[in-house]
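Hi everyone, thanks for coming. Let me put a structure up on the screen, and then we can walk through a few places in it together.

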Amino acid sequence: MATDIGTLEKRYFDACKRLEIPPNKSVVAALFKAKIKKARHEVSSLMVSIDDLKDVDFYPFLDLLTDIDSSEIDVVDFVNSPSCVLNGEYVYPLLHAVNKKLRFVDIHDTSFGKDFLLKLNMVGNFTRMCTLNLDFSASLTSFREDCFSCMPNLRFLSLCETRIANLWTTSAALAKLPSLAELRFQNCVPYSDTKGSHASLGNENNEDICSSFMDFALDMNLPLPSSEVFPHLQSNIRDEAISDDDDYIIQDTGNMNEYSSDDSEVDFSGHPQEFGFMELLPNRPFGWDDLVDMHSEQISFGTQDMQNEDLLSDRSVNFRNVSCILPKKYVSRHASPICYEKHYREYMIASLPNLKVLDNLPIGKVDREKAHGVFTLHFEYLPYNRNYEESVVSVLRNREIGANFPCTHASKKKFSSSYGKSQYFYSRCLSAAKMGSSKWPSLHPLCITGSVFRDERRNFRPRQFEYHPSDSSLMAVGTLDGEVVVINHESEKIVSYIPSLGAMNSVLGICWLKNYPSKLIAGSDNGSLRLYDVQRMAITSGGIYDSRGCVMFDEFDQLTSVNINSTDELFLASGYSKHVALYDISSGRRIQIFADMHREHINVVKFSNHSPYLFATSSFDQDVKMWDLRQRPNQPCYTASSSRGNVMVCFSPDDHYLLVSAVDNEVKQLLAVDGRLHLDFGIASTGSSQNYTRSYYMNGRDYVISGSCDEHVVRVCCAQTGRRLRDVSLEGKGAGTSMFVQSLRGDPFRDFNMSILAAYVRPSSNSEIFKVNLLAPNDHDKTHPYAQQSHSINGMGG
């Protein structure tokens with residue numbers, strides 16, 4: 001037999017008496033309101049305002065909730081506002097104690113921390129929950145893979161002004177909510193409602209927003225708790241007034257007929273109103289909003305054509321690049337960063353086929369058709385244009401029996417005749433299958449810590465790194481202290497250590513010799529250039545280094561880049577100057593300085609991968625130039641220009657293309673033969689002139705990875721179509737650990753693997769190298785605290 005509410009009430013009073021604390025009048029009020037609803041044969045809901053709870057109220061209230069599943073109370077609802085004083089660590093145990101009867105959660109307070117939502121979804125069975133509001137939870141940056149796995153009836157989710165940004169992991173997490181019908185990452189409000197409120201846009205007083213939330217007052221005419229239990233409650237309760245029309249709760253999701261068809265139209269007519277957090281008020285039986293009539297005319301959100309654009313001028317995001325398309329006379333309020341991603345709305349609609357309302361705007365049949373077209377044009381669902389998920393077991397089986405795959409139309413045309421049964425074809429299918437089952441890539445911090453001599457343990461500070469060209473396990477790392485460390489990145493053991501010997505500062509350039517795999521050239525920002533044979537750089541018994549494996553070259557002032565030609569005979573150096581120096585490796589001397597090759601400093605110089613004579617230079621004068629040593633080189637073979645200063649240039653592995661990266665995400669692929677534009681990747685700019693962008697190839701020349709020093713994300717794009725495959729975000733736990741992309745490289749031996757050098761915002765913190773495997777699931781138990789803010793870069797280089 002179910003425990004009656006009166007017994008629960010007495011249990012709560014007894015717990016308070018035992019702990020010698022006064023009962024919380026809001027808890028008592030909520031119990032009385034639940035009792036009245038039960039007497040009226042209505043849904044008996046226990047409505048809990050976390051705002052009214054203090055830490056001292058936690059244990060007796062938790063004791064009350066322990067038996068809630070076996071009680072007469074039907075559902076439990078939690079709400080709070082930014083004025084909440086309850087310790088965030090106490091919130092999750094309260095929700096978990098309710099478990100199956102938890103229905104409504106409205107929490108938008110940064111004090112709870114980003115782990116709150118993760119805990120909420122990892123443990124428990126919240127089968128009755130239909131509404132979750134986490135607006136203004138600024139510490140919430142991402143979803144883990146196990147989020148939302150226990151919320152089968154969640155229909156309404158609001159995440160306005162959180163810090164969620166990754167389209168791929170977010171949509172994958174939300175796809176686990178089969179009943180999700182309404183989703184918000186921003187409030188799309190009628191333009192007329194924003195007039196006259198320029199100063200307050202995005203900065204509304206949160207107390208005003210939440211001031212009309214739930215009324216927990218008691219009616220003075222209702223029966224009061226017995227004076228024998230707690231006499232002093234008489235006066236406290238009489239200060240409250242209960243409301244009879246407390247039907248604010250969104251009803252259980254029993255009937256979904258109104259959302260049963262993509263063609264169904266919902267009547268959103270009504271008077272214009274502002275859609276803030278007031279959509280969750282007591283008189284909202286089915287959702288947040290009664291939208292006004294939609295106009296068919298569409299404009300691009302954030303363009304100069306938008307009326308009164310200064311309403312958005314206080315945002316830190318460059319709105320000219322926001323691709324969210326909103327109906328005319330609608331603007332965004334309290335937008336999360338994900339809303340500023342290109343084609344955000346279309347991506348979410350295409351990824352969540354059951355969604356009916358996004359950001360207060362209904363999704364119709366035309367919207368879905370358009371979203372599908374945009375997704376197909378700009379995004380890859382899986383690598384190599386695979387449009388369906390295949391199991392790894394099925395791929396392996398088909399490979400063993402030599403079966404052909406049911407390819408897409410585009411795939412058939414390209415692969416059926418020449419690659420249909422090749423190992424190359426099956427490796428692509430296997431990669432697509434693995435990525436389909438691994439929505440969250442594996443990110444692992446590379447440990448570069450060890451004893452170098454005399455049991456001295458060092459924690460190295462990486463500044464540059466390069467994979468070995470022939471040994472898949474080795475990586476050379478140059479440090480901010482001028483050292484070079486060769487590490488087995490698979491076992492994380494140091495193979496060789498080369499000290500700075502007092503001659504080098506931050507190592508900005510590292511390049512392995514191809515034909516002599518134990519040798520590399522390292523250059524530092526003070527101009528020092530040395531060739532090392534890592535096998536001969538041994539430590540003597542007295543802790544002294546044998547320098548016989550070291551060759552010194554003439555210095556190149558303010559060096560930023562070194563690169564060796566394909567025959568290991570020559571190498572080039574560039575830096576904070578307009579000149580490039582050519583060195584002979586065998587003789588150890590500088591052959592020539594090519595003066596004034598550009599109008600501004602040359603950040604990176606790269607030899608062709610196959611020709612020992614051709615090389616390219618990228619300069620902050622906005623030009624990329626191709627040169628031929630056989631022409632001495634007096635004039636460039638050609639010049640290609642960017643709209644901003646060039647940070648990087650590199651050849652594709654087959655030398656067919658040049659990949660050019662200019663400041664602030666201007667990434668283009670040129671035909672190496674004549675410099676003609678082959679592909680503009682169209683990555684949105686941030687508006688920062690200090691957002692230095694670096695891009696490299698991955699999987700041969702199939703994909704491009706690109707990251708920038710003012711952003712926490714690495715973008716993976718198809719090198720032939722420019723379509724975005726994935727974004728890899730560096731996300732964090734806790735404040736003060738923010739990092740951004742300083743450098744990156746694709747693993748030359750493993751498909752869809754890369755390493756990222758991430759720099760922290762705090763100068764006292766070490767940069768770290770993270771290994772990324774897009775084909776392997778993330779191990780959350782080993783997740784490193786990543787995060788995002790801005791930082792300064794020590795030097796440039798590649």
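Let's begin with a question: is leucine 355 buried or exposed? At 1% relative accessibility, leucine 355 counts as buried; buried means under 20% relative accessible area, exposed means over 50%, and partly exposed is in between, with a 1.4 Å probe and protein chains only.

Before going on, a word on what you are looking at. This is a predicted model, where local features need pLDDT of at least 70, side-chain atom pairs count only at pLDDT 80 or more, and totals for chains, interfaces and linings use all residues. Residues are numbered from 1 along each chain as its sequence is written, and side-chain values use heavy atoms, with hydrogens and water left out.

Back to leucine 355. You will find leucine 355 in the loop between helix H9 (344–351) and strand E11 (357–358); helices (H or I, at least four residues) and strands (E, at least two) are DSSP runs, numbered from the N terminus. What does leucine 355 touch, leaving aside neighbours within four places in sequence? Its contacts, meaning heavy atoms within 4.5 Å, are Leu180, Ala181, Glu182, Leu183, Ile363 and Arg368.

Next, the aromatic rings. Rings of Phe, Tyr and Trp (its six-membered ring) pair if their centres lie within 6.5 Å; planes under 30 degrees apart count as stacked, over 60 as edge-to-face, and the rest as tilted. That rule gives 22 aromatic pairs. One of them is edge-to-face: tryptophan 168 with phenylalanine 379, at 5.9 Å centre to centre and 65° between the planes. Tryptophan 168 lies in helix H6 (residues 167–174) and phenylalanine 379 in the loop between helix H10 (365–378) and helix H11 (392–401), so this pair ties together parts that are 211 residues apart in sequence. Tryptophan 168 is buried, at 5% relative accessible area, and phenylalanine 379 is buried too, at 4%. Please look around them as well, as Trp168, Tyr347, Phe375 and Phe379 form one aromatic cluster.

Rings can also have a charge over them: here that takes NZ of Lys or CZ of Arg within 6 Å of the ring centre and within 35 degrees of the ring normal. The charged end of lysine 519 sits over the ring of tyrosine 516, 5.3 Å from its centre.

Now to salt bridges, where a side-chain nitrogen of Lys or Arg is within 4 Å of a carboxyl oxygen of Asp or Glu. How many salt bridges are there by this rule? The count comes to 20. In one, aspartate 135 meets arginine 184, with 3.4 Å from N to O. This pair links distant parts of the chain, 49 residues apart: aspartate 135 is in the loop between strand E4 (131–133) and strand E5 (156–158), and arginine 184 is in strand E6 (residues 182–184). Aspartate 135 is buried, with a relative accessible area of 0%, and arginine 184 is buried at 0% as well.

For another, find arginine 750 and glutamate 490, whose closest N and O atoms are 2.1 Å apart. Arginine 750 lies in the loop between strand E40 (739–746) and strand E41 (753–760) and glutamate 490 in the loop between strand E18 (484–488) and strand E19 (493–498), so the pair ties together parts 260 residues apart in sequence. Arginine 750 is partly exposed at 23%, and glutamate 490 is partly exposed at 47%. Salt bridges that share partners join Glu490, Asp747 and Arg750 into one network.

Last stop: strand E17 (residues 474–479). Here 6 of the 6 residues are buried, so E17 is largely enclosed by the rest of the structure. On one side sit Leu474, Ala476 and Gly478, on the other Met475, Val477 and Thr479, and both faces are covered. Strands pair if DSSP finds at least two bridges between them. E17 runs antiparallel to strand E16 (residues 462–467), with 5 bridges, and antiparallel to E18, also with 5 bridges. Glycine 478 in E17 stands opposite glutamine 464 and opposite valine 484 in E18.
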